[in-house]
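Please open the structure in a viewer and keep the selection tool at hand.

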Amino acid sequence: MLDWSKLKTRASARPTIMSLFSENRNRAEEFSAVAGEMLFDYSKTQIDQDSLSLLIEMAREAEVENCRDEMFAGVHINETEDRAVLHTLLRNLSGDAPDGVEQSELDTVESIRMRMVQFSEAVRDGSFTGQGGRITDVVNIGIGGSDLGPAMGTLALAPYHDGPRVHYVSNVDGAHIADTLNGLDPETTLVIVASKTFTTIETMTNAQTARDWMSQKVSDPGAQFAAVSTAEEKTSNFGIASERVFGFEDWVGGRYSMWGPIGLGMMLAVGPARFLEFLAGGSAMDTHFRETPLAQNLPVLLALVGIWHNQGCGHATRAVLPYDQRLSRLPAYLQQLEMESNGKSVAMDGSDLEVNTGPVVWGEPGTNGQHAFYQLIHQGTRVIPCEFMVARSGHEVELDHHHQLLVANCLAQSEALMLGRSLDEARALMAEKGLNGDELERQARHRVFPGDRPSTTLVYPKLTPFVLGQIIALYEHRVFVEGVMLDINSYDQWGVELGKELANALTPVLAGEAEADSKDPSTQMLVSYMQFKG
Ligand code: F6P
């Protein structure tokens, strides 16, 4: 386990961002790094050269490089489930398995991908049909990692959609499936049931509802169902023919799974060629992560900035702020990726941790967030490190003036957070408005921005499939590096189990088939309130 005291001491005496810029004219260049055409600027943080060196030294001490190599080599680093962590194999397009991994594993990945390609092409060119002809709509039923990744990616790649419309249903709230199916034609709809375990209650309930809906009009509804799962025998029990079942191995964590069959909805929407570009982007980030020295390595730097802000400075949350409307589901996707991975409280050996683990991750796209919660980011009492991201160019060339405004807003926010506005500047503004005396003082104080608030900015050329792959792999590896430094298992999720067990036990109670006596008084009261149908 790392000794966190030095980092905390350094962070408690951190300099201001502006002082760092005045001391070092080359700070912007020195505290930024590139991967391909992507630029990561972390100069608007309070990290100075000594802090950076300390963070890098801590990453070395935690053996980040060695652990990284073990992950790519298929070592069972997910120790509590005794599993390898090999989602990177799903985007390995080299044809050669990495050292330590059987070639047959990669061959299997490729052959399943080939089946996905053939199926997607058949659906997209109309050779696979529903009872009513060509498939017009696809409904992906899944939750968590079987939903957030492909749903986020499908939206992100909207300019490339040239296949059937793809919809995502996740919530067990019947409103979700009812609203999605409303207006769809069962005879031209394909349903994908996406579940790694094929036992998740939300997904199985929605899948059954979709099958009932389809059977009202379609004589063989199972023929318009496909499944994505590691539990292939369960898919056949559900009545889905094996030719439309796309399996994957248990070494792919749910929240890391959009690169393989869980990405089928994306592949149907944008076509296999674009999907392969997405994989190539992820793979390019893998190469960068494996081959670039720590001090220029984007996932490592993103992780070190995260560690500095959370474990060093004690900032409990971080905001992810994509100035890219098509990344509007990215914060939700990252919430699962980061918080399910690094929201742990024991070390690998089961002992209690002496440091806080993963931060609360939240966000919304800009500029919308500016008109909602940025007030708190600028003037609230808590410091929220912000992670901005923005494309150099948009897809809508005819609307370039929109893009200019978007970029101006993004850059202005990080500038405003850093610069702030002093009391003297605020007083001058109030004086210009003709105020004086106590009223000038009072009004000026409300217009002070403390400034010195840290942010990073990730700039990418354009939100193409390749770039999306780079961004997602960047964040996956960031989570990995933070997890290694915290000495936690980023690849299990035992914390989701208890709630599931209690929900299963409460279902018969709510249905009046079991007693609530053993429940605590609050739960008993809530149950009896729910049972009153007056
Ligand atoms: O409840 C958490 C979780 O297990 C996630 O880790 C997973 O992504 C999600 O549920 C869905 O699981 P499955 O793909 O097995 O249905």
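Begin by selecting Glu387 and Arg318, whose side chains meet in a salt bridge with an N to O distance of 3.9 Å. Please bear in mind throughout that this is a predicted model. Glu387 belongs to strand 12 (residues 386-391) and Arg318 to strand 10 (residues 317-323), so the pair ties together parts that are 69 residues apart in sequence. Are these two residues buried or exposed? Glu387 has a relative accessible area of 5%, under the 20% limit, and is therefore buried. Arg318, at 4% relative accessibility, likewise counts as buried.

Next, select Glu482 and Arg478, a pair whose side chains form a salt bridge at 2.9 Å, N to O. Both residues lie in helix 19; because they are four residues apart, about one helical turn separates them. Glu482 and Arg478 are each buried.

The structure holds 24 salt bridges. For another of them, select Asp250 and Arg83, where the side chains meet at 3.5 Å, N to O. Which parts of the chain does this pair tie together? Asp250 is in the loop between strand 9 (245-247) and helix 11 (264-270), while Arg83 is in the loop between helix 5 (64-72) and helix 6 (103-125), so the pair links parts that are 167 residues apart in sequence. Asp250 has a relative accessibility of 38% and counts as partly exposed. Arg83 is partly exposed as well, with a relative accessible area of 22%.

Then centre the view on Met485. Which residues does Met485 touch, leaving aside those up to four places away in sequence? The contacts are Leu2, Trp4, Leu55, Met58, Ala59, Ala62, Val64, Leu304 and Ile307.

How values were computed: Residues are numbered from 1 along each chain as its sequence is written. This is a predicted model: local features need pLDDT of at least 70, side-chain atom pairs count only at pLDDT 80 or more; totals for chains, interfaces and linings use all residues. Side-chain values use heavy atoms; hydrogens and water are left out. Contact means heavy atoms within 4.5 Å. A salt bridge is a side-chain nitrogen of Lys or Arg within 4 Å of a carboxyl oxygen of Asp or Glu. Helices (H or I, at least four residues) and strands (E, at least two) are DSSP runs, numbered from the N terminus. Buried means under 20% relative accessible area, exposed over 50%, partly exposed in between (1.4 Å probe, protein chains only).
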